[in-house]
Amino acid sequence: MAEAPLSITVPAGRAIAVAVDAGQVLQVINTHGTQVVYSWAFGRQDPAQFMSMAHTRSVNSRLWPLPGQAFVSIGRKPMLRLVEDTSPGVHDTLLCACNAA
């Protein structure tokens, strides 16, 4: 039997860091309708290896990820894998995250 996904509620407009082990499933649920949810990944052993949308686009040859495809690091190593997408929207890999500037 598969292990249940990790479940943590993060209030809107907030951030949290979560350690995820290889093979562990992290389910992201948007509880505030059309609000954006940003995700980043950093290597636990080497934080200089971080998830890169530019490298992910190159490896997958796609602008929009499909289930089964990996999000990769700047060293093109798989960081996260999209298992399922039940959202109604399209996930871009082009635009930068919102910020105060």
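**The segment before helix 1, and what follows**

Modeller: Let's begin with W40, which is found in the segment before helix 1. Helices (H or I, at least four residues) and strands (E, at least two) are DSSP runs here, numbered from the N terminus. You are looking at a predicted model, in which local features need pLDDT of at least 70 and side-chain atom pairs count only at pLDDT 80 or more, while totals for chains, interfaces and linings use all residues. Residues are numbered from 1 along each chain as its sequence is written, and side-chain values use heavy atoms, with hydrogens and water left out.

Is W40 buried or exposed? At 56% relative accessibility, W40 counts as exposed; buried means under 20% relative accessible area, exposed means over 50%, and partly exposed is in between (1.4 Å probe, protein chains only). Leaving aside residues up to four places away in sequence, W40 touches M51 and A97, where contact means heavy atoms within 4.5 Å. W40 and L80 are 40 residues apart in sequence, yet their C-alpha atoms are 9.3 Å apart in space.

V37 is partly exposed, with a relative accessible area of 45%. Its contacts, not counting residues up to four places away in sequence, are V28 and N30.

I8 is partly exposed, at 43% relative accessible area.

How many salt bridges does a search of the whole structure find? The search finds one, a salt bridge being a side-chain nitrogen of Lys or Arg within 4 Å of a carboxyl oxygen of Asp or Glu. The partners are R44 and D21, whose side chains meet at 3.0 Å, N to O. Both R44 and D21 lie in the segment before helix 1, so the pair ties together parts that are 23 residues apart in sequence. R44 is exposed, with a relative accessible area of 52%, whereas D21 is partly exposed at 45%.

Now to S52, also placed in the segment before helix 1. S52 is buried, with a relative accessible area of 9%. Not counting residues up to four places away in sequence, S52 touches V72, S73 and I74.

Moving into the helix, N60 lies in helix 1 and is buried, at 17% relative accessibility. The side chain of N60 reaches the backbone oxygen of A70 at 2.9 Å; a polar contact is a pair of N or O atoms within 3.5 Å, where within protein one must be able to donate a hydrogen and the other to accept it, and residues adjacent in sequence count only if both atoms are side-chain atoms. With residues up to four places away in sequence set aside, N60 touches Q69 and A70.

After helix 1 comes S61, whose phi is positive. Most residues other than glycine have a negative phi. S61 is not a glycine, yet its phi is about 55°. S61 sits in the loop between helix 1 and strand 1 (70-72) and is exposed, with a relative accessible area of 65%.

Finally, A70 has R81 as its bridge partner in strand 2. Strand 1 and strand 2 run antiparallel and are joined by three bridges; two strands pair if DSSP finds at least two bridges between them. They form a hairpin with five residues between them, and in the turn R76 has a positive phi of about 60°. R76 is partly exposed, at 46% relative accessibility.
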